[in-house]
Amino acid sequence: MILAFVGTAGSGKTTLTRSFGNYLGKNDYTVGYVNLDTGVMRLPYSPDVDVRDDVTAWDLMEEGFGPNGAIVESYDRLLPKVDEYAGKILKLDSELDYILIDTPGQMETFLFHDFGLMLMESLPDVLTVYLFSPEILRKPSDYCFVRFFGLIIDLRLGTTTLPALTKVDATDLDHHKKYLDDLEYLTARLKLESSTQGLLAHRLCSVLPELSPPTRVLYLSAVTGEGFEDLETLAYEHYCTCGDLT
Ligand SMILES: Nc1nc2c(ncn2[C@@H]2O[C@H](COP(=O)(O)OP(=O)(O)OP(=O)(O)O)[C@@H](O)[C@H]2O)c(=O)[nH]1
Ligand SMILES: [Mg+2]
């Protein structure tokens, strides 16, 4: 099974890769780790496949690139090797139970660069987990935003995407669940917003049930392990196609 953790900078991809991998290991699964982030200095796990073996963003900065230019250039240089990376990941997948893919800190270099897109196209049935952290959930329209963003990732990568709130050990989880678990409540709440943004969010949330099956939101903590059993169950259901991820 191949799981890819995708999310904005600091959403918890790397920490979750390590701690969910530890959890799987303790449950007697074999786990392979893939690092696709050319900009990360230190990793809390030992990657079996690591793009930094070919290129790192900081080496490119020494060549004179700025921080963003170095990241983009690193994926330009990796692009000719995309089939090689896909081959390495597929080989790992044939040998191990779970492959966990940690994606770049800058999500756009994964979603907007051919390296990320072509790699995902080459891998079978990847389950993408879209991580968002509580800091970005301030107002009702933000909950609508994250639900749609999960769908947009589906659209872009062509994978099945599960939305997951991270760092639930450090937030008022009940408050977030109210908006994320009950789409009708969220839509009704958005109807009360008078701003243009609120109106747009209300319209978008109203069509959400027509656009996608009611995918469950995961609530994860890489610190306490909360939600790991749920993630394991949904990954299993995705691969055996015996569940509907709701
Ligand atoms: N409280 C809490 N903090 C977390 C959790 N997961 C990650 N963090 C913290 O969030 C910060 C970012 O975590 P990372 O795992 O580096 O996030 P990332 O998405 O890999 O970050 P980039 O690769 O730099 O984009 C770190 O300070 C982590 O310790 C969690 O479940 N709970
Ligand atoms: Mg990271």
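Domain bounds here come from an automatic or database domain assignment. On that basis the protein chain splits into domain 1 (9–102) and domain 2 (125–241), with 25 Å between their centres, taken over C-alpha atoms. This is a predicted model, where local features need pLDDT of at least 70, side-chain atom pairs count only at pLDDT 80 or more, and totals for chains, interfaces and linings use all residues. Residues are numbered from 1 along each chain as its sequence is written, while chains are lettered from A and ligands numbered from 1 in the order in which they are written.

**Overall build**

- The protein chain has 11 helices and seven strands; these are DSSP runs (helices H or I, at least four residues; strands E, at least two), numbered from the N terminus.
- A compact globule of 246 residues would have a radius of gyration near 18 Å, and the protein chain agrees because it has 18 Å; the radius is taken over C-alpha atoms, and the globule rule is 2.2 Å times the number of residues to the power 0.38.
- Along its principal axes, the C-alpha trace spans about 50 × 45 × 30 Å.

- Domain 1 puts nine residues into the contact and domain 2 puts in 10 residues; two residues are in contact if their C-beta atoms, placed from the backbone, lie within 7 Å.
- On the domain 1 side, that makes three nonpolar, five polar and one charged. Ala, Val, Leu, Ile, Met, Phe, Trp, Tyr, Cys and Pro count as nonpolar, Asp, Glu, Lys and Arg as charged, and the others, Gly among them, as polar.

**Around ligand 1**

- Of the 18 residues around ligand 1, Gly-12, Thr-14, Thr-15, Gly-105 and Ala-222 come nearest; a residue is near if its C-beta atom, placed from the backbone, lies within 6 Å.
- Helix 1 (residues 13–26) gives the largest share of this shell, three residues.
- By class, the shell has five nonpolar, nine polar and four charged residues.
- Both domain 1 and domain 2 give residues to the shell, so ligand 1 lies between them.

**The nonpolar core**

- The largest nonpolar core holds 54 residues, and Leu-3, Val-6, Leu-100, Ile-101, Ala-164 and Leu-220 touch the most other members.
- Strand 1 (residues 2–7) supplies the largest share of this core, five residues.
- Leaving aside neighbours within four places in sequence, Leu-220 is in contact with residues including Leu-16, Ala-164 and Leu-231.

Terms used: Core = buried A, V, L, I, M, F, W, Y, C linked by C-beta atoms within 7 Å. Buried ≥ 20, exposed ≤ 12 C-beta atoms within 10 Å, placed from the backbone.
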